[in-house]
Amino acid sequence: MSVPLQPADLDDTLRADVRRLLLALADTKRILGIRYSDWLLGAPSLEAGIAASGMAQDEWGHARLLYALLKDFGEDPVPVEHDREPEAYVSCDALDVPAEDWADVVALIAVVDSALTVVLEAFSEGRYAPAGARAGKMIAEEAFHGDMARAWVRSLAGGTSESRARIADACNSRLPRTLAWMAPDDDAAARLAEAGIMPTTDELLERFADRHANMFAAAGVQVPAPNREGWDAARGRGPGHPGLEAVERARGDLNRELFVE
Amino acid sequence: MKESVYDVFARKERGDSLQHIGYIDAPDDELARVYAWNTYNELNWFEMCVVRRSAIIAVNRTDGPFAGQGAR
């Protein structure tokens, strides 16, 4: 069995790689929570809205825990959470714009939320000890997100021709860039795999397909190849960034003067 | 989407009695699980389950909340 790695065991390069991964997870959870929160009211049913609310709170709670892991590197997570510009966010590209309708929300759960969980599980199973220690509760909570995704994809796919077309379009448009974000194919990802902290790029893609291909097939969607065009290796995501409005909400700008730590 | 009423039951600790804690509307069993958990997870339940109200068989009265809805 491989020996767990503590933060102090990492050299500067590997530390930067782990930091990029932590930020990718935390930023994605934070922006995903905002996208869910847009649908607390206006979902197809009261219960669906409550589920969106629960998932939004889960994602923000997980983001807080993940940002806190930066403390292991001597970094204060408060400015990371509250002071960064949109261009510094490492959130999944598919979240850069809000969901257009409920089918789009379901696609976010099915595509982005599922990809997040694949990464988080892999990270927790790897050698980086703090990830293994913190991820269990998060992964348990994510199980309900997965159930929500499967049930709603199946429901929309089995509904009207319009609902089937909408969920297929939404998944098809979100998948390629999400897969690139989930399974980077660059030097940092290779180093993390070499160190046993993460699986290889191909293994991550296989995990996603093994676990979720049936869900997408129900909507007539095949898991595509990642779209890596314009990959920004420094940040660990594709080109662009989440919109300012979402980042202002993520940072808590409106209530900044009321922020008490 | 046609929805059914599901009643939600939970117990706080192993060995506690199941309590009826509420109900939700859901189109199928899988979403009923998700909706029940998200709606009623304010407590740290040891166990939660849902049952479609139409599956409940009334035993001793015909005017209770579950009467007339289940199999006979």
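Buried residues account for 46% of the 261 residues in chain A. The views below are taken from a predicted model.

**View 1. Chain A as a whole is built from helices.** Chain A holds nine helices and zero strands, and its order along the sequence reads α-α-α-α-α-α-α-α-α. Along the principal axes, the C-alpha atoms of chain A occupy a box of roughly 55 × 45 × 35 Å. The radius of gyration of chain A is 18 Å, which agrees with the value near 18 Å for a compact globule of 261 residues. Of the contacts in chain A with a separation of 6 or more, 77% are between residues 24 or more positions apart.

View 2. In sequence order, the elements of chain B follow the pattern β-β-α-β. The C-alpha trace of chain B spans about 35 × 35 × 15 Å along its principal axes. Buried residues form 21% of the 72 residues in chain B. Among the contacts in chain B that join residues at least 6 apart in sequence, 37% link residues at least 24 apart.

**View 3. The interface is shown from the side of chain A that touches chain B.** Here 11 residues of chain A are in contact with 14 residues of chain B. Two elements of chain A, α2 (46-68) and α5 (129-157), each give two or more residues to this side. The largest share, six residues, comes from α5(A). Sorted by class, the side of chain A that touches chain B consists of five nonpolar, three polar and three charged residues.

**View 4. Helix α1 of chain B is shown with its surroundings.** This helix covers residues 29-40 of chain B; its 12 residues reach 16 Å from the first C-alpha to the last, close to the 16 Å expected at 1.5 Å a residue. The buried residues in α1(B) are B:Leu31, B:Ala32, B:Arg33, B:Val34, B:Tyr35, B:Ala36, B:Trp37 and B:Asn38. The cover over these buried residues includes elements from both chains: α2 and α5 of chain A, together with β1 (4-11), β2 (19-26) and β3 (47-52) of chain B.

**View 5. Helix α2 of chain A packs against helix α1 of chain B.** Two packed helices are described by the angle between their axes and the distance between the axes. For α2(A) and α1(B), the angle is about 65° and the axes are 8 Å apart. The crossing of α2(A) past α1(B) is left-handed. On the α2(A) side, A:Glu47, A:Ile50, A:Ala51 and A:Gly54 meet B:Val34, B:Tyr35, B:Asn38 and B:Thr39 of α1(B). By class, this helix contact comprises four nonpolar, three polar and one charged residues. An α-helix has 3.6 residues a turn, so residues three or four places apart point the same way.

**View 6. A:Gly61 is shown in helix α2 of chain A.** A:Gly61 has 15 other C-beta atoms within 10 Å and is therefore partly exposed. The C-alpha atoms of A:Gly61 and A:Lys29 are 8.8 Å apart in space, although the two residues are 32 residues apart in sequence.

**View 7. A:Arg35 is shown in helix α1 of chain A.** That helix comprises residues 12-37. A:Arg35 counts as buried because it has 25 C-beta neighbours inside 10 Å, the threshold being 20 or more. Not counting residues up to four places away in sequence, A:Arg35 touches A:Leu95, A:Pro98, A:Ala99 and A:Leu108. A separation of 8.3 Å lies between the C-alpha atoms of A:Arg35 and A:Ala246, which are 211 residues apart along the chain.

**View 8. B:Leu43 is shown in the loop between α1 and β3 of chain B.** With 10 C-beta neighbours inside 10 Å, B:Leu43 counts as exposed, since the class applies at 12 or fewer. B:Leu43 and B:Lys12 are 31 residues apart in sequence, and their C-alpha atoms are 7.9 Å apart in space.

Note on methods: Residues are numbered from 1 along each chain as its sequence is written. Chains are lettered from A and ligands numbered from 1 in the order in which they are written. This is a predicted model: local features need pLDDT of at least 70, side-chain atom pairs count only at pLDDT 80 or more; totals for chains, interfaces and linings use all residues. Two residues are in contact if their C-beta atoms, placed from the backbone, lie within 7 Å. Helices (H or I, at least four residues) and strands (E, at least two) are DSSP runs, numbered from the N terminus. Ala, Val, Leu, Ile, Met, Phe, Trp, Tyr, Cys and Pro count as nonpolar, Asp, Glu, Lys and Arg as charged, and the others, Gly among them, as polar. The radius of gyration is taken over C-alpha atoms; the globule rule is 2.2 Å times the number of residues to the power 0.38. The expected span of a helix is 1.5 Å times one less than its number of residues. Axes are lines fitted to C-alpha atoms, for helices over the stretch in contact, and angles run from 0 to 180 degrees between N-to-C directions. A crossing is left-handed if the near helix is turned anticlockwise from the far one by less than a right angle, and right-handed if clockwise.
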